[in-house]
Amino acid sequence: MTTIEPRPDLRPPSLNADEQTTLLTFLDYLRESVLAKAAGVPEPAVRTAGVPSGTSLLRLLKHLTAVELNWFVWAYAGTDRERWEDEGAVSPDDTASDVAEAYREAIARANEVALACTDLDRPGARSLRETPPPSMRWVLVHMIEETARHAGHADILREQIDGSIGR
C-alpha cells in the first residue's frame, strides 16, 4: 500500500497560448504525471523492476533526469561537460526523494534553457544523434513524446504495485 493517497485523475491542461508556452505546459504536465506515479511508493517497491527489462519507477525517474539534461543543457545549450548517463542503474544509495528532487532540478534547468530561447526554429549547439543540431521546437516535441511514453510505463508499474490508476 502507498504511504500517501494517489492524486485524482487529472486531464491535460487547457489553454490558448503561444506555441512555446503550450509546448512547455504539456511537457510540465507529463513530467508531473511521472513524478506523481512514484510519489508515496514505499521501498522496495519503488525500485523493484516490474518488467523483465529491469524498469522500475526509480529507474524511469533517473532516466528522464539524464534525458532532460542531455537534450536541453548538453545538446541545445552546449554546456561544456560530459553527457549524463541515461541508462544507468539505480544504486542502493538512491532514495526516492533524492531521485525525484534531481528530476525536479533537471526540469528547472531544462525550462530555463527553453524559456531563454526566443526562436523555436533556432538549432541548438549540438545533437545527441548523428544529425545536425535540432531546433528548440524539435527538442520540446521530442521531450513530450519521450516523457509521455515513460509516463505510460509509470502508469503500468504503479498499477502493478498497488492498483493505483489515473494520471
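Arg109 sits in helix 3; helices here are DSSP runs of H or I of at least four residues, strands are E runs of at least two, and both are numbered from the N terminus. This is a predicted model, where local features need pLDDT of at least 70, side-chain atom pairs count only at pLDDT 80 or more, and totals for chains, interfaces and linings use all residues. Residues are numbered from 1 along each chain as its sequence is written, and side-chain values use heavy atoms, with hydrogens and water left out.

Back to Arg109. Its relative accessible area is 38%, so Arg109 is partly exposed; buried means under 20%, exposed over 50%, and partly exposed in between, with a 1.4 Å probe and protein chains only. Not counting residues up to four places away in sequence, Arg109 touches Leu69, Val73 and Trp84, contact being heavy atoms within 4.5 Å. From Arg109 to Ala96 the C-alpha distance is 20 Å, for 13 residues of sequence.

Asn111 is also placed in helix 3. Is Asn111 buried or exposed? Asn111 counts as buried, because its relative accessibility is 14%. Leaving aside neighbours within four places in sequence, the contacts of Asn111 are Leu24, Asp28 and Arg31.

Next, Met136, which is found in helix 4, residues 136–162. With a relative accessibility of 0%, Met136 counts as buried. Which residues does Met136 touch, not counting those up to four places away in sequence? They are Phe72, Tyr76, Val113, Ala114, Cys117, Leu120 and Arg122. Met136 and Asp18 are 118 residues apart along the chain, and their C-alpha atoms are separated by 14 Å.

One backbone item. The peptide bond joining Glu43 and Pro44 is cis, with omega at about -5°. Pro44 lies in the loop between helix 1, residues 19–38, and helix 2.

Now the whole chain. The protein chain has 4 helices and 0 strands, and the order from the N terminus is α-α-α-α. The radius of gyration is 16 Å, close to the 15 Å that the globule rule gives for 167 residues, so the chain is as compact as a globular protein of that length. That radius is taken over C-alpha atoms, and the rule is 2.2 Å times the number of residues to the power 0.38. The C-alpha trace spans about 45 × 40 × 25 Å along its principal axes. Of the 167 residues, 41% count as buried. Taking contacts between residues at least 6 apart in sequence, 73% join residues at least 24 apart.

Last, the largest pocket. A pocket is an open set of points on a 1 Å grid over the protein atoms alone, where a 1.4 Å probe fits, with protein on both sides within 12 Å along at least five of seven lines; lining residues have an atom within 4 Å of a point. The largest pocket holds about 330 Å³ of space, the volume being what probe spheres set on the points fill, with points joined across faces, edges and corners. Its lining has 19 residues, and Arg59, Lys62, His63, Asp86 and Gly88 lie nearest the centre. Helix 2 (57–76) and helix 3 (96–116) are the elements giving two or more residues to that lining. The largest share, 7 residues, comes from helix 2.
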